[in-house]
Amino acid sequence: MRSATEPRSDFDEASGVGAAASTWFNFWSRPARIHVGDRHLHARYRVTIEEFLAAVPEPKGKRVLDYGCGEALAAPRLAGAGMDVLLYDRSPYLHQRVSARYARSPGIKVIDDDALSELPDGSVDFMLVCSVIQYLDRAELGALVRLAKRVLKSGGVLALADIIPNDLDTLSDTIDFLRYSVRYRFFFSALRTLFDMAATNYRSHLRENDLARYDMKALAELLREHGFRTSVASRNIGISRARKTILAAAAA
């Protein structure tokens, strides 16, 4: 298992991007079949956004940057709560899909790399990063933290959600997934996926490229070094109870 401070053996210091991170970026830059059906796909986004809204105080009138937004199927729920929503995904494929989906949606704006870099300092109240940092190398994680430090207002919150801790119990993670599949009515599809690990191209890719795990204390210390006040949320933002969420408040 790898901690947040241990280097990847495949890290390329010259390019600043590790081979595994680059491979994951290529994976997400095309259609990626990681869900066992539409119910799983829609429920995942619904659960994430509802739990995010439950974790943040007084969302109305606040601006949120959903970084690594994916399909962002529940973004209208954020807008419906009165938030000004910025959606960003590094993948050109996902950026194009989300841009088309929300081209006429009030309160929702899809931004590209240039618009992200041009966001004014201190212009964002919340930055949601869910199920993202397991795909990043050290350089990308550092860049993400620096971006959050720049764009968040004083007291603004960076939510690093669905983090895979070093001591993750895979069985607990699987049980959480099955409970979730019962609630959202795709249990039998979920069982088929668990028994047939080749059911999705994500599973095949995962066998060749591991996900980053984090020492939670080391990750919190990294955030504190950048001026954040950190706490581990009592409940993960996501379907897994075994994974973790860190809420990091930007200092003045």
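Two strands pair if DSSP finds at least two bridges between them, where strands (E, at least two residues) and helices (H or I, at least four) are DSSP runs numbered from the N terminus. The model is predicted, so that local features need pLDDT of at least 70 and side-chain atom pairs pLDDT 80 or more, while totals for chains, interfaces and linings use all residues. Residues are numbered from 1 along each chain as its sequence is written, and side-chain values use heavy atoms, with hydrogens and water left out.

**Exercise 1.** Determine which strands pair with E5, and in which sense.

Begin with strand E4 (residues 124–130), which pairs with E5 in the parallel sense over 6 bridges; Cys 130 stands opposite Ala 161 of E5. Next, take strand E7 (residues 244–250), which runs antiparallel to E5 and is joined to it by 5 bridges, with Leu 160 opposite Ile 246 in E7. Finally, consider burial (under 20% relative accessible area, with a 1.4 Å probe and protein chains only): E5 (residues 152–163) is largely enclosed by the rest of the structure, because 9 of its 12 residues are buried.

**Exercise 2.** Find the salt-bridge partner of Arg 243 and locate both residues.

A salt bridge requires a side-chain nitrogen of Lys or Arg within 4 Å of a carboxyl oxygen of Asp or Glu. Arg 243 meets this condition with Asp 162, the closest N and O atoms being 3.4 Å apart. Since Arg 243 lies in the loop between E6 and E7 and Asp 162 in strand E5, the pair ties together parts 81 residues apart in sequence. Both Arg 243 and Asp 162 are buried.

Key. Buried means under 20% relative accessible area, exposed over 50%, partly exposed in between (1.4 Å probe, protein chains only).
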